[in-house]
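Welcome! Please take a look at the sequence and the 3D structure below, and then we will walk through them together.

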Amino acid sequence: MYESIQKQDPVLFQAMIKEAKRQSEGVELIPSENYVSQAVLEANGSILTNKYSEGYPGKRYYGGQENIDAIENLAIERAKELFGAEHVNVQPYSGSPANTAIYFALLNFGDTVMGLRLDHGGHITHGLPIAFSGKAYHFVQYGVNPETGRLDMEEIRKLAQEHKPKMIVAGYTAYPRDIEWKKFKEIADEVGAISMADISHTAGLIAGKALESPVPYFDVVMTTTHKTMRGPRGAIIMCKEKHAKAIDKAVFPGLQGGPHENAIAAKAVAFGEALKPEFREYAAQVRKNANHLAEELKKRGFKLVSDGTDTHLILVDLTNKNVPGKDAQVALDEVGITLNKNTVPNDPRSPFDPSGIRLGTPAVTTRGMKENEMGKIADWIDRTVKAIGNADELKKIKEEVRKVCVTFPVPGIKI
Ligand SMILES: *Cc1c(COP(=O)(O)O)cnc(C)c1O
């Protein structure tokens with residue numbers, strides 16, 4: 001791997017090889033991560049990075065665009081087919097710039113918007129007070145029901161009627177349950193709000209027909225392309241034709257300059273993969289694995305927010321285990337199981353050392369792991385949390401983890 005880097009830049013090479021080893025010898029449970037295919041890697045690392053192409057296909061500001069236009073149009077057409085979208089912009093550099101572009105396109109500064117609180121599973125771009133979204137717009141934040149851990153649609157309806165937002169944002173970062181898109185759209189219509197769905201986490205499951213899609217109902221739907229979508233780091237914005245002009249203008253020249261055509265080509269590859277029947281099997285297996293892992297964790301006394309999952313994502317409240325989320329994350333890192341500490345709804349602890357951990361199955365499912373491996377993972381997590389401070393036991397678990405992982409190759413890693 002990486003022959004030219006090895007020759008030219010041994011310091012960087014060492015770090016990259018160590019990371020490749022980490023990715024292949026450990027269990028990746030961060031729900032926003034995945035392993036992309038060799039073809040996605042090739043497109044993303046290609047000569048397309050050399051080209052400037054400000055503008056859109058057929059309307060560029062630099063010469064030499066005949067191939068670039070074809071590539072960008074391919075990404076657009078595949079995304080349209082995959083999601084059934086009327087209009088698609090494939091240029092956003094990532095999820096946060098995509099959300100910023102949507103707000104910039106369709107709102108005025110100071111307008112009222114509704115989004116889920118960060119500590120209940122929302123994203124920083126959904127109105128965190130110290131973030132651009134929270135400073136530029138008046139976000140009214142909704143929460144989940146403290147008893148059920150689920151969205152309370154009647155509460156959301158009441159808030160919408162009281163605050164009359166110009167936009168309602170649905171779609172989350174740490175919410176394990178399916179979302180009632182139709183109901184959200186109904187509420188948005190009742191108060192005359194623009195409906196915006198951020199499906200960054202679940203786009204792959206929606207594209208793979210394992211979850212219901214908001215695209216038929218919502219004014220605007222955006223997603224990152226690097227999570228369950230299994231493409232390069234980046235994002236796309238889909239919208240109804242009536243918003244197309246405003247969205248395109250906000251992305252370029254409103255917010256961004258030259259698009260990253262290497263990433264756009266890699267998006268085209270990923271959408272092509274997602275259009276194949278195998279991707280439906282993948283999406284279904286991601287959910288089966290998450291559900292099985294959730295049940296295996298519950299058997300071992302772990303308390304799950306909302307008591308389970310409908311998606312790829314599980315949120316564990318470790319309070320009854322007397323282990324803070326941060327200590328669990330650190331110990332699991334030591335055995336080669338990567339996940340992240342996370343707040344649980346109404347967390348009494350601080351976001352830097354919250355009560356929970358967040359995990360998910362997109363990456364392990366890409367490697368071909370199934371229910372049998374989910375049982376092993378639950379067991380390793382249980383034993384690790386109990387063995388905090390016991391270096392011998394942690395070392396033993398690490399070796400077990402490595403032995404299983406190396407039998408499930410990671411695309412693009414040959415070491
Ligand atoms: C990941 C995520 C984003 C932002 O994506 P970046 O590419 O990290 O900027 C936005 N919204 C949600 C719900 C996400 O989960």
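Let us begin with asparagine 346, which sits in the loop between β14 (340–342) and β15 (356–360); helices (H or I, at least four residues) and strands (E, at least two) are DSSP runs, numbered from the N terminus. Its phi is near 55 degrees, a positive value in a residue other than glycine. Asparagine 346 is partly exposed, with a relative accessible area of 41% (buried means under 20%, exposed over 50%, and partly exposed in between, with a 1.4 Å probe and protein chains only).

Before going on, please note that this is a predicted model, in which local features need pLDDT of at least 70 and side-chain atom pairs count only at pLDDT 80 or more, while totals for chains, interfaces and linings use all residues. Residues are numbered from 1 along each chain as its sequence is written, and side-chain values use heavy atoms, with hydrogens and water left out.

Lysine 209 also has a positive phi, about 60 degrees, although it is not a glycine. You will find lysine 209 in the loop between α9 (203–207) and β9 (220–224), and it is exposed, with a relative accessible area of 52%. Another backbone feature is the cis peptide bond between phenylalanine 252 and proline 253, where omega is about 5 degrees. Proline 253 belongs to helix α10 (residues 241–255).

Now step back to the whole chain. Its secondary structure comes to 16 helices and 15 strands. The radius of gyration, taken over C-alpha atoms, is 22 Å, close to the 22 Å that the globule rule (2.2 Å times the number of residues to the power 0.38) gives for 415 residues, so the chain is as compact as a globular protein of that length. Buried residues make up 58% of the 415 residues.

Finally, which residues come nearest to the ligand? Of the 13 residues around it, they are Ser94, Gly95, Ser96, Asp198 and Lys227 (near means a heavy atom within 4 Å). Helix α5 (residues 95–106) gives the most to this shell, with three residues.

For glycine 95, a polar backbone atom is 2.9 Å from a ligand oxygen, and for threonine 173 a polar side-chain atom lies 3.1 Å from one.

Conventions
A polar contact is a pair of N or O atoms within 3.5 Å; within protein, one must be able to donate a hydrogen and the other to accept it, and residues adjacent in sequence count only if both atoms are side-chain atoms.
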